[in-house]
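Visitor: I have a structure open and would like to learn how to read its features. Could you walk me through a few, starting with the backbone?

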Amino acid sequence: MGLGRGVKLQGVIVLMSLVLFALSLGRAALTLEQDGKQLKLAIIWHQHQPLYQNRMTGFYELPWVRVHAVQEYLDSPRILQEYPGISVTYNLQPSLVEQLEDYATITAEEQAKGGTYRYIGADDPHLRLALKPASELTPEERGTIQVQFFWINPYMLDDDANDPYYSPRYAELRRIASERSLNDQELTDLAALFHLWQISPELHERYGVLDLREKDRNFTQEDITRIISAQYRVVQDVLPLYQAVERAGQAEIIGSPYYHPILPLLMAPGWAGVKKEPWPESVEAQLRMGIQKYEELFRHRPIGVWPPEQAVSQDIVAPVAAAGFQWMVTDETVLQKSLGRALKPGELYLPYRLQSDGYSLVVLFRDKELSDRIGFVYGGLPTKLAVTDFMTKLQKRYELLQQAGLLDKALVTVALDGENWMFMGGYPDNGRAFLRELYKELSEADWVETVTPSQFLRERPEALVPLESLATGSWAGDLSTWQGEPEEDAAWNWLAEARQAVVEAEMAGRDVAEAWLAIRAAEGSDWFFWYGNDQDSGNDPMFDYLYKLHLIAAYRAAGAPEGEIPQVLFVRNIQPLSAALGEVKPKIDGVAALGEWDGATHFSATGRLTDLWLGYDPSHLYVRLDAAENPSSWIGQPLWLVLYASGDPDMPVNSRSRYGGAELGFGPAQLVEMRFDKLDAKGKGYLFRYLADGRGGWRLTSQIGTLFDRIVAVGSTIELQIPYGELGLEPEKELILRTSLERQGEQLALIPDRPIVTRIPKRVSGELLASFSDPQGDDCGPGTYTYPTDPVFHQEPGIFDLLEYSIYDSGRNWLLVFTFTSLPNPWNGPHGFSHPLINVYLDNAPGGAVEAADGGDAMQIRLHPDHPWDWFMRIAGWAYGRLLATPDGQEFQVDVASDPAKHQVIVSLSKELVGTICGFHYVMVASQDGYADDYIRPIAQEARQWVGGGSPAPAVAPKVYDYLAPVGYSQEEILSSYNVDTGEFATLIPVEIECK
């Protein structure tokens, strides 16, 4: 006990020292020796939501526009008004404006409908649940409330100095909900508090709900209607507030293409797997519609434009400029690609002029580090420390530009999502304290001036620098987040087909205005963003559903017969279960012998089929099914056992089971089946494969040559052997599966309850060159680190616990194999794992660098001067986790795979590229965070939902949970070698791979 308190006290002292050190830097930043010139800073907040409205019903399937409107969208300009010396820029995305206007207006037709419309101008699932008396809720609705009504930045759950608001009852309900089902009064209290705390608490008195906050419990349905009516009044005030800050000269409001499409992809011809033409008319229409919505609201045309996802290319320059925009903003990585070299000091902060087809357009490139630190890092730091860090980094930009002689021509641009950093960034008090402290420090610093881009360009026209051409890129670097994965490319093909149907209807003289609106909505970036495995919303099936609704609406508005609408658009996907296959080699005899299926993945269900096992060997997929009764009793009956499976993206899919007509939760492109009435007397038989025709029919495709390899046996259990070729399987190829028991016209069983997404693991082969063991249970960094508090980090132990690092010679490649205590994939990472991020540095040649690599420096480490690095690898379960880089900035990609059942991450490294693998290796494991700086999750003093804890010095301590220490050293010793006083990071010591 005493030791624990001593460690905690020491951490507090270190943190206080760090704060004082940072504050001293901050004071220095405020008293710079000036030459009369100021650093110009543009802050651009991007406010954006896709169209959540169901085109068929008018119902909002997701509530996020309302949720952000009553807090972040209002707080941001409201706090800006408190600092009249600060100027910022807002991008109000037009489809967001449309939805805000809908929530803020109760039409006569809506008044006549009643229901939710008695209190607010739009309807969404959380409003419906809140307005329904708890006694009338179904079990499913009660479960939804108990989970989803905690979807909020939990600043009211902590009773501490960081958070000025606290609800004892809400905190109590969260604890109770983790232990048991809530009763009626608890559900009513939860619904009231959830919607009450959605409203910015600083506005509770203004909107007449402060007494309800003080009440805190024993709410009634009348209290809930008061709260929702208050939300209605808040939403009504949102857009007028932006008009007010613009009229006051404090804000520039810039435009966007209406439905937030990826302009470079609309302008592009088809790519591998996608058949489309360039669609310049779509770009022009989206820009024209966006300008029109802006003019309706602000009575003048916008000067600047936010290209959705900051996605740009040379092809979009002319249409953007032709629409009347004078400037746009994108990411700094695009500038580096455009110049084809590393950036020189200060180049990032110059405004660049592009020419295309007689048009001219200015492009600003955002400072990625400053933008991402607000978006993803500062939420894990104390407010004062976070703002001081920002100002200190800004001071370094000032000094750099001063030394380069560019201060009078430069504009530092910080540009990021305007709502997500507050809502999801982990900030205390929902980011309000940070925003006030930031604006205060900027107001008091006489060496910096906040400006809008249009103001800067108007005052400094001589600052423009010619840029020959604009590379294709986005905030994510390339465009792979929206194209290239099978699901993404399938969605692009659906859009191309629907668009062609509208074009043909238009040529036939039909009125297709509504159809084009549906197509424009389907062109939005968000649908493609959430397709594939590189991003996970937690509710991907809903985004898929909304996207398909837009396409169905386009077909119907174009007059297409219902039977000609592709059946895939009617598939209502269910979030699949992620499964790691285990290796097995059973005898297919209908009897589960002891140990035969021990390595298989197991699922259970209620009903006639009770258990499912899946396994593999180098050539086959194996399936075992147990039933509530002895399945041998079904032999001779007209029953079908069917395994439904996905296929390649261009394959047609059906939406329902073949004989039972049930929704399967995904679109199967193929199936393998067996008939119980075709088995022999011993229960032996064969499987047959069928392909979907996209209209509900199935075509037999099995080849006679594979007959004796695709077998089934029924006894006390059901066992299936399916050769890979029968399903088009190969290692690392994703497959979605679900098993069904059917008779004609009757669905008897589906197992499991949701579809399964899985893949055949990559096999490790070759000569073992070296292997290093790492202690189990040391995933605590320097000895004090803890995981974030969200349950997803605790479902299996040791997700950051490296056990072994092995190197194989597999011929043309080196194989690097990392074995963990566990390797789950709850977020469906495309490489088969979700949590760990592995950084590896290789010293295998003379020379090299000691400082951390770009892309890994957020880990806060330095390398030993005797062993500088020649190659850097960032390995993660996502698209960005394939990086191979050199100290001079060259970047390549490695192949990343996994064997989740063996808890292994497997990296293939080209010998031709890297040469020898022998030398010195640094291996470190962090927590992957797709939204954090360098994708490395912060580790703060106290753990939070999405932030690790236990760091005594968050600004200098390494963000490393596990490190492969060489013999003679301990991980704790190495990771504790940072210096708070000097700000020096820990110096790492590598392991050695000896050459024979």
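Visitor: Where is Asp-357 found?

Guide: Asp-357 sits in the loop between strand S6 (352-356) and strand S7 (359-366). Helices (H or I, at least four residues) and strands (E, at least two) are DSSP runs, numbered from the N terminus. The phi of Asp-357 is near 50°, a positive value in a residue other than glycine. Keep in mind that this is a predicted model, where local features need pLDDT of at least 70, side-chain atom pairs count only at pLDDT 80 or more, and totals for chains, interfaces and linings use all residues. Residues are numbered from 1 along each chain as its sequence is written, and side-chain values use heavy atoms, with hydrogens and water left out.

Visitor: Which residues does a cis peptide bond join?

Guide: The bond joins Ile-751 and Pro-752, with omega about -5°. Pro-752 belongs to strand S24 (residues 746-759).

Visitor: Now helices. What should the 22 residues of helix H21 span?

Guide: The expected span of a helix is 1.5 Å times one less than its number of residues. For H21 (residues 486-507) that should be 32 Å, and its end C-alpha atoms are 32 Å apart, which agrees. Just after H21, Gly-509 takes a positive phi of about 90°.

Visitor: At what angle do H21 and helix H24 pack?

Guide: Axes are lines fitted to C-alpha atoms, for helices over the stretch in contact, and angles run from 0 to 180 degrees between N-to-C directions. H21 and H24 (residues 540-557) pack at about 20°, with their axes 9 Å apart. Angles under 35 degrees count as roughly parallel, over 145 as roughly antiparallel, 65 to 115 as roughly perpendicular and the rest as oblique. H21 is therefore roughly parallel to H24.

Visitor: Is the crossing of H21 and H24 left-handed or right-handed?

Guide: A crossing is left-handed if the near helix is turned anticlockwise from the far one by less than a right angle, and right-handed if clockwise. The crossing of H21 and H24 is left-handed. Their contact (heavy atoms within 4.5 Å) includes Trp-492, Trp-494 and Leu-495 of H21 and Tyr-547, Leu-551 and Tyr-555 of H24. The contact residues divide into 11 nonpolar, no polar and 3 charged. Here Ala, Val, Leu, Ile, Met, Phe, Trp, Tyr, Cys and Pro count as nonpolar, Asp, Glu, Lys and Arg as charged, and the others, Gly among them, as polar.

Visitor: How do helix H7 and helix H9 pack?

Guide: H7 (residues 139-148) and H9 (residues 184-198) pack at about 45°, with axes 10 Å apart. That makes H7 oblique to H9. The crossing is left-handed. Arg-142, Ile-145, Gln-146 and Gln-148 in H7 meet Asp-184, Leu-187, Leu-190 and Phe-194 in H9, a set of 4 nonpolar, 2 polar and 2 charged residues.

Visitor: And at what angle do helix H3 and helix H19 pack?

Guide: H3 (residues 72-81) and H19 (residues 432-444) pack at about 30°, with axes 10 Å apart. They are therefore roughly parallel to each other, and their crossing is right-handed.

Visitor: Last topic: how many aromatic pairs does the structure hold?

Guide: Rings of Phe, Tyr and Trp (its six-membered ring) pair if their centres lie within 6.5 Å; planes under 30 degrees apart count as stacked, over 60 as edge-to-face and the rest as tilted. The structure holds 51 aromatic pairs. One of them, Trp-475 with Phe-529, is tilted, at 6.4 Å centre to centre and 45° between the planes. Trp-475 lies in the loop between strand S10 (465-466) and H21 and Phe-529 in helix H23 (residues 525-530), so the pair ties together parts that are 54 residues apart in sequence.
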